[in-house]
Amino acid sequence: MGLSRTTILFIVSSGLSLILGVLRIPNIAHGSLYMIGAFSAYSVISFLGGGGFAFWAAMVVAPLIVAAIGFVMERGFFSYLYEREHLMLLLLTFSFALIIGDLVKILWGTEYRSITAPGFMQGSAEVFGLPIPYYNLFLLLVGPVIAVFLWLVVNRTKIGKISRAAAVDAEMVSAVGINVGWVFAFTFVLGCFLAGLGGALIAPMTSISLGMDHSLIMEAFLIVIMGGLGNIWGALLGSLIFGLAQSLGILAWPQFGIVFPYLAVVVVLTFRPKGLLRSAW
Amino acid sequence: MLKVESVVKSFGGFKAVNGARLHVEKGEIVAVIGPNGAGKTTLFNLITGHLLPDSGRIRFKGRGIEGIAPHILCRKGISRSFQVVNIFPRLSVFENVQIAVLARERKTFRIFSPVRNMAAEEVHEILRNVGLYGERDVEGDLLSHGDQKVLEIAVALGGKPELLILDEPTAGMGPKETERCIRLIKKLSDESGLTILFCEHDIGLVFEIADRIMVMVRGGTVIQGRSEEVRRNREVQEAYLGEAGEC
Amino acid sequence: MKWKYVTPLLLLAALAAAPQFLPRFHTYILAIVLLTGLLATSLNLAIGFGGIYQFHHAVFYGVGAYGTALVLTRTQLPAPVGLMAGPVAAAALSLVMGVICVRLSKLYFGMLQISLGSLVWATVYRWYSFTGGDNGIPGVPVPGWIASSESAYYYTLAVTTLSMLALYRIVGSPFGKVLQGIRDNPVRSDAIGIDVKAHKLTALVIAGFFGGVAGSLFVVIDTSVFPDMMFWTYSLEVLIMCLLGGMYTFFGPLVGSSILVLLRTYVSIHIPYWHLCLGIILTLVIVFLPEGVLGYAARRFRPKEGRLA
């Protein structure tokens with residue numbers, strides 16, 4: 001159970017990490033984008049009447065919607081403000097988080113929503129004597145797939161290499177004649193896609209509500225900081241540690257269980273302030 | 001006063017400073033010259049505590065100072081200016097120097113007295129000395145480049161140093177400003193007996209005012225001596241004339 | 001007529017007279033405006049004047065409030081002790097957090113502070129027995145001499161005025177100038193003999209202390225505390241106040257917080273989408289008015305020598 005949530009955390013955090021690593025923007029709107037992913041998935045599935053096809057459609061369409069929103073954000077606003085201080089960019093993403101938060105309220109109302117997993121994924125399998133829902137197993141598969149996919153993109157494709165170079169020295173990259181703007185746009189959109197995907201994937205597992213954005217963004221940030229900015233494996237490691245700390249914490253001390261992950265982050269950062277694995281900057 | 005003995009510093013596999021030697025007597029003006037990349041700034045960074053040497057000793061007034069933090073070193077009497085202009089852009093010329101004086105007087109934790117006229121006399125004197133008194137209320141980043149470099153020196157003077165280290169003080173200056181800077185250095189040495197160590201690209205100037213010159217090539221000291229010795233030295237000629245246009 | 005001195009005095013007089021003319025609700029709001037202004041100004045000491053990325057200032061606000069509330073509700077200690085306990089606790093926390101974070105620069109400092117702050121929040125949120133958990137502590141027994149709406153207001157006005165005066169002095173002192181120097185050029189500051197870390201730490205403790213004062217004032221005005229006071233979103237709101245008013249001016253944060261508190265109060269009555277409005281305002285400020293209201297005014301009405309307007 002904890003592991004499947006960890007998958008979602010990983011997917012969302014890796015998006016955040018990419019954005020932070022390459023564009024150096026702490027994207028506070030990331031949680032809100034995740035929320036839109038969940039609500040969009042709900043709408044798509046409701047619109048298409050449920051069932052297997054609707055589910056897969058939602059898993060593709062919802063993240064695309066979020067990616068489109070991200071594109072507008074980046075091209076429409078961020079691209080003009082890159083020379084400003086980090087603080088400004090951070091507050092700008094916060095303003096988007098605020099706006100999106102209320103827009104969701106306007107578009108979808110304040111009630112909880114829920115969707116169920118498609119028919120073929122309902123029920124559970126017996127793994128080591130424990131009943132594990134098929135959906136959770138599905139998520140456990142998806143996680144590593146995404147991780148590998150991301151690693152391939154970042155390390156093996158041309159655009160991935162350019163992004164990594166741009167993270168370290170954007171000026172140099174543009175001096176060589178590459179349009180850094182599109183690199184940034186691509187990275188940002190990819191990051192948003194991941195956020196939307198995370199939201200869409202978690203939709204069948206949890207109640208979709210306002211406030212999803214707040215709880216998630218804090219966790220995602222802490223994971224990214226813990227793992228190393230811009231580092232995909234760091235996001236994976238961070239998610240695992242975070243999820244583990246949370247599960248163990250709740251098991252060991254139910255009342256204060258939620259404190260454990262924060263404690264873990266503080267410990268890690270005190271000894272390795274730049275994160276466990278290598279940061280992009 | 002300052003003795004650098006066989007200091008080595010590498011970055012990764014690259015030996016930026018390789019067995020450099022330097023020796024500065026009280027009241028002297030000593031210049032360090034050398035082609036680009038010879039390690040002059042790295043050497044200065046080692047002296048002022050911004051870097052820790054891998055090996056070798058650096059002694060100031062007889063005591064070892066390797067790796068002592070810059071702000072503590074400043075209180076021991078070494079002040080420094082930087083190659084790239086490094087003033088306080090949003091503060092006025094007066095305030096720039098004032099901070100340095102207040103830091104020296106250890107008044108920086110005073111939180112309840114108004115700062116406006118503190119140490120005004122001393123700051124004004126320093127400003128008059130370097131010729132920036134007229135611009136004392138102008139904001140740092142509004143000054144011309146040459147004035148900013150002079151302000152750099154003024155700020156360093158605020159610490160009432162015994163040893164003043166200037167990293168390429170005339171970098172980026174036109175001929176008139178360079179003249180002015182050189183005359184200022186000479187004046188500081190003559191009038192206040194300040195010991196000055198600086199590094200430069202422009203050899204002509206160096207020969208004009210330096211008492212002794214140390215030549216650095218590829219991280220090592222080729223020679224340290226009076227201008228005549230240095231001029232005649234074979235290796236120096238090769239380093240500079242062999243690599244024409246290296247100045 | 002020295003406007004620089006007269007304007008604050010007039011303002012002070014107006015604020016002192018206000019409760020005589022305003023209904024209770026508005027007096028309450030005015031008091032909130034004042035203490036929030038103090039909170040924002042204390043944050044600005046760290047971020048505007050010190051250049052320190054203080055991303056979770058609300059922690060000190062919350063701890064100040066909880067400190068005061070807990071002493072007043074759970075102990076028999078005299079009220080003034082309670083009122084001081086909050087700020088002192090906040091300053092102590094600031095010291096501890098500062099020591100841990102101060103070796104980091106900029107963004108990393110901010111993020112570690114958010115982590116630590118969230119840890120504090122999570123602990124408070126869950127500790128039902130001690131802190132009341134997510135319910136907070138309603139009905140704090142505030143001493144009689146500041147229990148009425150009017151007296152609470154005057155107490156707030158007095159404390160805020162004194163605190164602002166103190167902060168004003170600090171900014172104009174050698175320490176304040178050095179802090180600004182560190183903000184603009186830490187390397188140079190280091191090289192002229194300033195122990196950068198020690199000064200930053202001092203700034204953080206002062207900022208934390210006055211943040212805590214604001215928190216204890218809230219307890220007096222509202223007689224309650226709740227964990228959301230130290231939730232990270234509130235920290236960002238306070239940051240917005242500083243930005244809105246002008247981060248490099250002394251009174252900017254006060255202006256910013258006044259605007260924001262008044263807007264939030266009166267807009268929320270009519271429109272249920274305050275966050276949307278806030279987000280839009282913030283976006284406009286960042287894009288068009290990054291130096292804030294006072295920053296812009298300073299530039300417009302007192303052009304510097306040689307500077308293009």
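Author: Welcome! Two strands pair if DSSP finds at least two bridges between them. Keep that in mind as we look at this predicted model.

Reader: What makes S9(B) and S10(B) a pair of strands?

Author: Five bridges join strand S9 (residues 212-217) of chain B to S10(B), and the two run antiparallel. The definition asks for at least two bridges, so S9(B) and S10(B) count as paired. One place to look is Val217(B), which stands opposite Gly220(B) in S10(B).

Reader: Which strands form the open sheet in chain B, and in what order?

Author: The order is S6-S7-S8-S3-S9-S10 in chain B, six strands with mixed pairing.

Reader: Why are S6 and S10 of chain B said to stand at the edges?

Author: Strand S6 (78-81) and strand S10 (220-225) of chain B each have a single partner strand, so one side of each has no neighbour in the sheet. On average, neighbouring strands of this sheet are turned by 15° against each other, direction ignored. Helix H5 (residues 145-158) of chain B packs on the sheet, where it touches S6 and S7 of chain B. The direction of H5(B) makes about 165° with that of S6(B).

Reader: Which residues meet where H2(C) and H12(C) touch?

Author: Among them are Ile29(C), Val33(C) and Gly37(C) in H2(C), and Leu254(C), Ser258(C) and Val261(C) in H12(C). By class, the contact has nine nonpolar, eight polar and no charged residues.

Reader: How do you know that chain C touches chain B, and how many residues are in contact?

Author: Residues are in contact if their C-beta atoms, placed from the backbone, lie within 7 Å. By that test, 26 residues of chain C are in contact with 33 residues of chain B. H8(C) gives the most to chain C's side, with eight residues. That side has eight nonpolar, 10 polar and eight charged residues.

How values were computed
Residues numbered from 1 in each chain as written. Chains lettered and ligands numbered in written order. Predicted model: local features only at pLDDT ≥ 70, side-chain atom pairs only at ≥ 80, totals over all residues. Contact = placed C-beta atoms within 7 Å. Helix = DSSP H or I, 4+ residues; strand = E, 2+ residues; numbered from the N terminus. Nonpolar A, V, L, I, M, F, W, Y, C, P; charged D, E, K, R; others polar. Axes fitted to C-alpha atoms, helices over the stretch in contact; angles between N-to-C directions.
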